[in-house]
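Here are my notes on the model you sent over. Have a look at the structure first, then read the points against it.

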Amino acid sequence: MIKAVIFDLDDTLYYELDYVKSGFRAVSRYICSKYGVSEKEFYKLQLDILEKEGRGKVFDLALENFSLPQDEVEKMLVVYRSHIPEEIRLYEDAEYILEKLKKEGKYKTGIITDGNSQVQWNKIKALALTDLVDEIIVTDDFGVDKRKPAPFAYLRLLEVFKIKAGEAVYIGDNPTKDFIGARELGLKTIRVMREQGMHIEKRMEAAFEADLKVNSLRNLEELLQFIDIIQA
Ligand SMILES: [Mg+2]
């Protein structure tokens, strides 16, 4: 019998690119105010680099492109990580189901998320998630070695909720790390495949994939009942 539902954060409960864009805007404001370059152009350049080169070198390449000093990268990172992301919103179905689960009180709810602690907590606050779920673990608060698929965070929530692994479901979007660790412990897993998201194209071998796949969280409760039936 499923007793707890644990969610991933990025691209599971909200669209992560909205956060990245919000961070790039903050960085552009900073660079513009210091060097007088066009805020709009610097913002657009960061997005173009992200699309072509991926995340790792956005700030370095943007500075290079505008012939600005490379030692700004560190400050840009501080601006990015500390900015308050006002533009991010929960996916409509995510908000619906979190509020419904909270109101009904039938399941314990939690979030396990990886990433820079300050960044993840800024997102959590902006999305008002502390009011919506019972427990939140940002794995970096305990060390980067505790990031998924490490068993640490799953085990900790099972202990807090006083339930067995088979009584919990983990819901995420990234098959490279969201499901393999959870499955090894015995949790049930659900992959959300939305129309957008950084990992929607990823296909992995069976051990890395979730037990079930959905396009939306709206009918999650029916799915949890279905899991109960097939397990019985
Ligand atoms: Mg994710």
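1. Start with Phe-7, which stands opposite Ile-111 in β2. Strand β1 (residues 4–7) and strand β2 (residues 108–113) run parallel and are joined by four bridges. Strands here are DSSP runs (E, at least two residues), as are helices (H or I, at least four), numbered from the N terminus; two strands pair if DSSP finds at least two bridges between them.

2. A word on the ground rules. This is a predicted model, where local features need pLDDT of at least 70 and side-chain atom pairs count only at pLDDT 80 or more, while totals for chains, interfaces and linings use all residues. Residues are numbered from 1 along each chain as its sequence is written, and side-chain values use heavy atoms, with hydrogens and water left out.

3. Now the whole sheet. It is open, with six strands in the order β3-β2-β1-β4-β5-β6 and parallel pairing. β3 (135–138) and β6 (212–214) are the edge strands, each pairing on one side only. On average, neighbouring strands are turned by 20° against each other, direction ignored. (Axes are lines fitted to C-alpha atoms, for helices over the stretch in contact; angles run from 0 to 180 degrees between N-to-C directions.)

4. Which helices lie across these strands? Helix α7 (residues 152–161) lies across β1, β2, β3 and β4 (168–172), at about 160° to β2. Helix α9 (residues 220–231) lies across β1, β4, β5 (188–192) and β6, and runs at about 145° to β5. Contact means heavy atoms within 4.5 Å.

5. The chain is assigned domain 1 (4–15 + 88–231) and domain 2 (17–82), with bounds from an automatic or database domain assignment. Nine residues from domain 1 and seven residues from domain 2 make the contact. The two domains bury about 850 Å² between them, 60% of it on carbon and sulfur atoms; buried area is the accessible area (1.4 Å probe) that two parts lose on being put together, summed over both. On the domain 1 side, Tyr-15, Val-119 and Met-198 lose the most area to domain 2, together 52% of what that side buries.

6. How many salt bridges cross that interface? The rule finds zero between domain 1 and domain 2, although the structure holds 19 salt bridges. The rule wants a side-chain nitrogen of Lys or Arg within 4 Å of a carboxyl oxygen of Asp or Glu.

7. Asp-8 sits in the loop between β1 and α1 (16–35) and Lys-148 in the loop between β3 and α7, so the pair ties together parts that are 140 residues apart in sequence. Check the backbone there too: the peptide bond from Lys-148 to Pro-149 is cis, with omega near 10°.

8. Lastly, Ser-67 has a positive phi of about 50° although it is not a glycine. Ser-67 is in the loop between α3 (58–65) and α4 (73–82).
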